[in-house]
Amino acid sequence: MAKVKLSLPIGHSPTVLSNVNFCIGRPFRQPVELSDKNNFSKGLELWLNNFNDDKKLYAIFSGELTYIAAPAAGQPHSLKLELNTEVQSKLNTLPSSLEPIPKVVLYENIDSAQLSVILINLINTEYSVASGASSSWHPVLRTVLSSSNTTLKVKLDAENTNGTLTSYIASFVNDFMTTSNITFAIKSGDYISDAADPLAADIQPVACSLVNPKRVTIIMSEYNNNIINPAYYVWIYLKNANDANVGDQKVELNTFSSLTGTVYDHPLLGTNGINLDLNVPKLARVPVQLPNTAVEVILFPVGELGTYHGITLSAHDSAIQWRITNDANLDFEVQLKPGANANLIYNGVSRPIGICGVTSANRIDVCPTPEAINNTAMQNVWNDWEDDINEFCFEFQFPAEYIIMCIQQETNNGPRKLALEELSQASQNLLAQTLPQTTIDNYTDIDPKYGITVPDPIIMTNPVVTGHALTWGQLMQIVEIVPSRMSPGLIQTLVSTARTNLTKLAFLYPNIEAKFNVAAIPSTNAGLFQWLLVGRHSLLVSIFFHKWNYANKGTKLDLPLVTACYNAGSINYREGFKIKIPNTDPAQYNNWANPWVMRFNGLDYPRNTSRHYNAIKNNATILPRAKFWQSF
Amino acid sequence: MNRFIYIYLFVWLISYDCSFSQTSSSRVIPNNYELNRNTEPIISNINCIDSLKVEDKVVRIFKLLPKLVFEVDGNFYSYEFKNNKSDDFTNLEPYNYIKPFKIHLSNDLSEQLAISWEKSSYGSGGGMNFRGVIIIDFDRNSCLLDEITYQSIEDFPHIDEGSLIYVKKKIVISGKQIKVSKISPERYSDNKELQGISDLQDGEYYYNNHTFKLMKR
């Protein structure tokens, strides 16, 4: 299976070791609003020689280029490289990355005047060698032109016949540079531009003594435009390229370089570059030492979450929008979607949407303003689990606010809480192959059952619920066969979900027990059930689960999406809720429209968690080591 | 690829819950009808991508990828989803099971591969299950059919009524014929919430010239 080609952005040659002369500029830091922000770069800041090939820039991955002209004088021109879908798909198969794949590589501060010359030359060169099947052509030649409904290659053939090849290629590149949203397909390793002169505010590093240098910054971001350390991506992909298991290798270094021990000899990857010792993990977000604090923290810039936004699922727009205020408060706020009806109808029942200030009866309450109970609860959770949450959220790089609120929502801070879900008929049939029918009947006699507190120790002959026949021993027999119906522990992952996540976690940390100082992970489901009743264990699983969902299920670190995915397993559509009224016929259940449009287990889930979140932000004593921060 | 000359006609049945069962009977070659007659529409690689590839024997990553990785006759293959049938298939959930079977849909000696699979995605309050079937032409290395045959959404009933929403599409591979039919929802159906289920027209399909064709009723 073809591997993803990773080329270095400077000093690229597939056959010869480069001696590119350059300096690394300011170190990377995610764009958080701190007083020293100008000492850091949003990407890999490179200072290059202004001669030979040193200022040449190359495509890191195959994809589509877009030219972004400087919005004003004194600002940089840029090239945006969006990875093509095939590359994205292949990178998504790496089980060894905690982060979402990169979607965009931005080359900030490129030489606009040289760009057209370089791209014209690229087309001329590739056209001159293009022959045979179209699959062998350079991707730009396979571009289908809307004007002629033919590929660029076919069009160039016609222009060549007419003697107008040169002028047509020039016009093609001119269109690319002057018309927004026109893209230019390129391959990994293509020479795509030159670095430009530094801007007026740029300062060459003191130790760098290049004469008339050029400067470019390589900025890499994921699917929601959150900026990730480029060194992290290079590290994770070169680690993969050198995976001892050849079958796991999905990436190959397309730039000539060899390893000496664990260090590459290419200048950019060597001791003068980003020092890519493959044994030293590079972090996606670098730790920050805040003033007057003793420990480093991981800060997550609010980024696009700071703008009011909703979600569209299955062609249904959410009736409300939300944001995290991009200021020191970092509040979660909700408003009606502009133009949306203030009332929502579900199954013929119309109700007002209860944003903050709307107090009418029977409102669909989405107001995230915390109440006193939220503040007390958050403090209690933090008091009990601060160390564990800090350790795991720092390691996995995930905002701790979401974990604290989730604990409260799921169990009201109960590490030995248990939920027993309804057994499907298929599950009962499976159990009947092994267990006596009375054991199954004893379970179905009480299911579904919530809020059970598991005793410590568990006496297997005792009943799970007083007055009912199911014993703990019988429950363990059922768990062993059907682990997908029981949620034990502080943050309520199903036993089956916990198993899945621990399997995924083992790809990143082969020795989970030693790395995270947790008890041996049982191989039996009944054993795992009891393992999850230790709060630290439940937290390890669920914090990783949250991070996995961000990296792979599109939760964007966005509160309603994060909670929907954690609660429902994925982000999908739900039109409304039919709330049970005791002792009534189902036809008379109350109907409630769902302004969030995301599937939750209950309509109050996003509202409660948002109130918990704001209670955390109102509490000056809850200071996690991984948390949101104002961005710039 | 090992080739087999089948003495018996195997009947693979994808039952209503999409699990395979297997029986055998004397081989019958239907040669008294024209496959091209009165046929429409054609299933022409709908929802398929031509991506059956030989994999290294990497058992460690077995089932963890967003593609099917499976073993047939000691060889490992992978099949990548096109990712346009359901939002949920963009993630890396593992498969609960993958069952590959060789079948013969043509009168010649060509082989096809049928694969049934299941994956699920559950959170603290419920989740979803998917099952599907894929048929791949081994000789041409191309996908013939790729359909989700079962989708369920479940909300654990903490607060509201709870719901078990199941929709199923029955796809039976029987000899050289594929029968597609809709199964009534088990408990509750709301099509607005179930987006991925196969929309193949009900009927009996035959395989000819590397496509499936629906016999007119």
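Visitor: Where is A:S610 found?
Guide: In this predicted model, A:S610 is found in helix α16 of chain A.

Visitor: And is A:S610 buried or exposed?
Guide: The relative accessibility of A:S610 is 0%, and because buried means under 20%, A:S610 counts as buried.

Visitor: Which residues is A:S610 in contact with, leaving aside neighbours within four places in sequence?
Guide: With those neighbours set aside, A:S610 is in contact with A:F332, A:P368 and A:L559.

Visitor: Staying with helix α16 of chain A, how do its axis and that of α7 cross?
Guide: Helix α7 of chain A, residues 400–411, and helix α16 of chain A, residues 604–617, have axes that come within 9 Å and cross at roughly 130 degrees. That angle makes α7(A) oblique to α16(A), and the crossing in which α7(A) passes α16(A) is right-handed.

Visitor: Which residues of α7(A) and α16(A) meet?
Guide: On the α7(A) side they are A:E401, A:Y402, A:I404, A:M405, A:C406, A:Q408, A:Q409 and A:E410, and in α16(A) they meet A:Y605, A:N608, A:T609, A:H612, A:Y613, A:I616 and A:K617.

Visitor: Where is the place of A:G554?
Guide: A:G554 has its place in the loop between α14 and α15 of chain A, and at 24% relative accessibility A:G554 counts as partly exposed. Leaving aside neighbours within four places in sequence, A:G554 is in contact with A:Y223, A:N549, A:L561 and A:I571.

Visitor: How far is A:G554 from A:D175, going by C-alpha atoms?
Guide: The C-alpha atoms of A:G554 and A:D175 are separated by 34 Å, and these two residues are 379 residues apart along the chain.

Visitor: Now to α14 itself: how does α14 pack with α6?
Guide: Helix α14 of chain A, residues 535–552, packs with α6(A) at an angle of about 30 degrees, and the axes of the two are 10 Å apart. The two helices are therefore roughly parallel to each other, and their crossing is right-handed.

Visitor: Which residues meet there?
Guide: From α6(A), the residues include A:W385, A:F392 and A:F396, while those they meet in α14(A) include A:L539, A:I543 and A:F544.

Visitor: Let's turn to the largest nonpolar core; which of its residues touch the most other members?
Guide: The largest nonpolar core has 176 residues, and A:F61, A:Y107 and A:L475 touch the most other members. Helix α6 of chain A, residues 372–396, gives the largest share of this core, with 10 residues. There is also a second, separate core of 16 residues, which includes B:A114, B:I135, B:L144 and B:F212.

Visitor: That brings in chain B; how many helices and strands are in chain B?
Guide: Chain B has zero helices and 14 strands, and of its 217 residues, 58% count as buried. Chain B exposes about 9400 Å², and carbon and sulfur atoms supply 46% of that.

Visitor: And what part of the contacts in chain B join residues at least 24 apart?
Guide: Among contacts in chain B between residues at least 6 apart in sequence, 57% join residues at least 24 apart.

Conventions:
Residues are numbered from 1 along each chain as its sequence is written. Chains are lettered from A and ligands numbered from 1 in the order in which they are written. This is a predicted model: local features need pLDDT of at least 70, side-chain atom pairs count only at pLDDT 80 or more; totals for chains, interfaces and linings use all residues. Side-chain values use heavy atoms; hydrogens and water are left out. Helices (H or I, at least four residues) and strands (E, at least two) are DSSP runs, numbered from the N terminus. Buried means under 20% relative accessible area, exposed over 50%, partly exposed in between (1.4 Å probe, protein chains only). Contact means heavy atoms within 4.5 Å. Accessible areas come from the Shrake-Rupley method with a 1.4 Å probe; for residues, only the protein chains shown count as cover. A nonpolar core is a set of buried Ala, Val, Leu, Ile, Met, Phe, Trp, Tyr and Cys residues joined through side-chain atoms within 4.5 Å. Axes are lines fitted to C-alpha atoms, for helices over the stretch in contact, and angles run from 0 to 180 degrees between N-to-C directions. Angles under 35 degrees count as roughly parallel, over 145 as roughly antiparallel, 65 to 115 as roughly perpendicular and the rest as oblique. A crossing is left-handed if the near helix is turned anticlockwise from the far one by less than a right angle, and right-handed if clockwise.
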